[in-house]
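These are my notes on the model you sent. They go through some helix contacts and then the ligand site.

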Amino acid sequence: MTTTKPLVGIIMGSDSDLTLMSAAGEMLKQFGVPYEITVVSAHRAPDRMLEYARTALSRGLQIIIAGAGGAAHLPGMAAALTTLPVIGVPIKSSNSIDGIDSLLSIVQMPSGVPVATVGINGAKNAGILAAEIVALSQPDVAKALTEYKSQLKANVEASAKTVSAQQ
Ligand code: RP5
């Protein structure tokens, strides 16, 4: 990496989301993508959310990953406030109905304001997707992703051999 300035901003509605959302940061770290991570609640601290989303582009961020549970408005509001791509992570938190409410709150955005939504608790995939976007302009990140995909393939081939050997 030639820069250590964060390129990806990971935000979440509560510190109770942190354990789950850390998986996004772990993937970004693995691929060498600098990121920042913080709590930005749409409902409990709307002014903080406005400030974060409105300044994200000028601060050098390229992507926002936003996770929230229940009435999960943070990703959609972030998308409304910036032209940066926003990846939404629906969280199955203590106040959510198996994460389905979070999923629908995030994925069912009005026309014109997209949020790229991963699966329920899909923070890991959100991190990979963000790295794939960064990789469009960062060859070293693209190389790390290629190696990761090769490892996935090798794992499947190893599993296939193990399963075949058990028959
Ligand atoms: C949402 O409410 C947060 O994203 C979290 O998933 C959920 C519960 O928050 P806490 O009551 O644990 O702070 O806004």
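1. Leu20, Met21, Ala23, Ala24, Met27 and Leu28 in α1 meet Ala123, Lys124, Gly127, Ile128, Ala130 and Ala131 in α5, where contact means heavy atoms within 4.5 Å. By class, this contact of α1 with α5 has 10 nonpolar, 1 polar and 1 charged residues. Ala, Val, Leu, Ile, Met, Phe, Trp, Tyr, Cys and Pro count as nonpolar, Asp, Glu, Lys and Arg as charged, and the others, Gly among them, as polar.

2. The model is predicted: local features need pLDDT of at least 70, and side-chain atom pairs count only at pLDDT 80 or more, while totals for chains, interfaces and linings use all residues. Residues are numbered from 1 along each chain as its sequence is written, and side-chain values use heavy atoms, with hydrogens and water left out.

3. Helix α1 covers residues 18–30, and it packs against α5 at an angle of about 30 degrees, with the axes 7 Å apart. Helices (H or I, at least four residues) are DSSP runs, numbered from the N terminus. Axes are lines fitted to C-alpha atoms, for helices over the stretch in contact, and angles run from 0 to 180 degrees between N-to-C directions. α1 and α5 are therefore roughly parallel to each other; angles under 35 degrees count as roughly parallel, over 145 as roughly antiparallel, 65 to 115 as roughly perpendicular and the rest as oblique.

4. How do α5 and α6 pack, and at what angle? Helix α5 (residues 123–135) and helix α6 (residues 139–165) make an angle of about 135 degrees, with their axes 8 Å apart. The two helices α5 and α6 are therefore oblique to each other. Residues in this contact include Ile128 and Ala131 in α5 and Leu145 and Tyr148 in α6. The contact of α5 with α6 divides into 9 nonpolar, no polar and 3 charged residues.

5. Helix α2 (residues 46–56) packs with helix α3 (residues 74–81) at about 50 degrees, their axes being 8 Å apart. That makes α2 oblique to α3. Met49, Leu50, Ala53 and Arg54 in α2 meet Leu74, Met77, Ala78 and Leu81 in α3.

6. Which residues are around the ligand? They are Gly13, Ser14, Ser16, Asp17, Arg44, Ala68, Gly69, Ser93 and Asn95, each with a heavy atom within 4 Å of the ligand. A polar side-chain atom of Ser14 lies 2.6 Å from a ligand oxygen atom. For Ser16, a side-chain N or O atom is 2.7 Å from an oxygen atom of the ligand. Arg44 has a polar side-chain atom 2.7 Å from an oxygen atom of the ligand.

Methods
A polar contact is a pair of N or O atoms within 3.5 Å; within protein, one must be able to donate a hydrogen and the other to accept it, and residues adjacent in sequence count only if both atoms are side-chain atoms.
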